Amino acid sequence: MGSRASTLLRDEEIEEIKKETGFSHSQITRLYSRFTSLDKGENGTLSREDFQRIPELAINPLGDRIINAFFNEGEDQVNFRGFMRTLAHFRPIEDNEKSKDPAIAEPLNSRSNKLLFAFRLYDLDKDDKISRDELLQVLRMMVGVNISDEQLGSIADRTIQEADQNGDCAISFSEFVKVIISSLSSKKLRILCWWLGFTISHYDRQIAGGHHIRERYGQPITGGSPYQ
């Protein structure tokens, strides 16, 4: 499979993907091998069914939401470039990647893009708002029958009440961001980011077939305390 990856993925394409996503040459080649192994039709694209063959995603309560994140509206196939653009949201951002130049597009793994990615997991109907019903649906996916409907309803109501600033009984992206930033102290935010990183790294291993794509300075990120 490694030879297939090296022969079908041109150096020019690798360089373009590096610039767009921030992944290294070796990461791109490795993930291309994983992509081609999932491409059972050998047509250069993945379908939802291809993703559903990943055992860990098939049994994950949020598996369908994670899979949907790889597909543009109205499309049922994703090519390797699209696959990599979605995975790029999972990368930690380094200090040297941060730019305050408004003329330069934010990297796909910027904080705002990560938050937008998370927001869209809840925005089931893609109307740029999270309604109470959508929040309840995602909560049910996550907890199953471990919490009663009454308890879930209370959680959803409290979340909407805290986040909704314009009185429309829903959460917009700007409200989503504000409630996260304003409700967390610096230390709590660091703990949350560490937890999200751990969770995302679990998903990237599921999708990448055991290859840990969250690397820094050539070494896998293996944890670390949020209290450091």
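Is E42 buried or exposed? E42 is exposed, with a relative accessible area of 59%. This is a predicted model. The protein has 12 helices and six strands. Of its 228 residues, 36% count as buried. Among contacts between residues at least 6 apart in sequence, 57% join residues at least 24 apart.

**Positive phi**

- Most residues other than glycine have a negative phi.
- E42 has a positive phi, near 50 degrees, and is not a glycine.
- E42 sits in the loop between α3 and β1 (45–46).
- D128 is not a glycine either, yet its phi is positive, at about 65 degrees.
- The loop between α8 (111–122) and β3 (129–131) holds D128.
- D128 is exposed: its relative accessible area is 54%, and the cut-off for exposed is over 50%.

**Packing of α2 with α7**

- Two packed helices are described by the angle between their axes and the distance between the axes.
- For helix α2 (residues 11–21) and helix α7 (residues 80–88), the angle is about 30 degrees and the axes lie 10 Å apart.
- Angles under 35 degrees count as roughly parallel, and α2 and α7 are therefore roughly parallel to each other.
- Their crossing is right-handed.
- On the α2 side, the contact uses E16, I17, E20 and T21.
- On the α7 side, F80, R81, M84, R85 and A88 take part.
- The residues of this contact divide into four nonpolar, one polar and four charged.

**Packing of α2 with α3**

- Helix α2 also packs with α3, at an angle of about 110 degrees and with the axes 10 Å apart.
- Angles of 65 to 115 degrees count as roughly perpendicular, so α2 and α3 are roughly perpendicular to each other.
- The crossing of α2 and α3 is right-handed.
- D11, I14, I17 and K18 of α2 make the contact with H25, I28 and T29 of α3.
- By class, the contact of α2 with α3 has three nonpolar, two polar and two charged residues.

**Aromatic pairs**

- The structure holds 12 aromatic pairs.
- One of them joins Y32 and F35, which are stacked at 6.4 Å centre to centre, with 15 degrees between the planes.
- Y32 and F35 both lie in helix α3 (residues 25–38). They are three residues apart, about one turn of the helix.
- Buried means under 20% relative accessible area. Y32 is therefore buried, at 11%.
- F35 is buried as well, with a relative accessible area of 1%.
- F51 and F70 form a tilted pair: 4.7 Å centre to centre, 35 degrees between the planes.
- This pair links distant parts of the chain, 19 residues apart. F51 is in helix α4 (residues 48–52), and F70 is in the loop between α6 (63–68) and β2 (78–79).
- Both F51 and F70 are buried.

**Ring cluster**

- Ring pairs link Y32, F35, F51, F70, F71, F80 and F83 into a cluster.
- The cluster includes both rings of the stacked pair, Y32 and F35.
- It also includes both rings of the tilted pair, F51 and F70.

Methods: Residues are numbered from 1 along each chain as its sequence is written. This is a predicted model: local features need pLDDT of at least 70, side-chain atom pairs count only at pLDDT 80 or more; totals for chains, interfaces and linings use all residues. Side-chain values use heavy atoms; hydrogens and water are left out. Axes are lines fitted to C-alpha atoms, for helices over the stretch in contact, and angles run from 0 to 180 degrees between N-to-C directions. Helices (H or I, at least four residues) and strands (E, at least two) are DSSP runs, numbered from the N terminus. Angles under 35 degrees count as roughly parallel, over 145 as roughly antiparallel, 65 to 115 as roughly perpendicular and the rest as oblique. A crossing is left-handed if the near helix is turned anticlockwise from the far one by less than a right angle, and right-handed if clockwise. Contact means heavy atoms within 4.5 Å. Ala, Val, Leu, Ile, Met, Phe, Trp, Tyr, Cys and Pro count as nonpolar, Asp, Glu, Lys and Arg as charged, and the others, Gly among them, as polar. Rings of Phe, Tyr and Trp (its six-membered ring) pair if their centres lie within 6.5 Å; planes under 30 degrees apart count as stacked, over 60 as edge-to-face and the rest as tilted. Buried means under 20% relative accessible area, exposed over 50%, partly exposed in between (1.4 Å probe, protein chains only).
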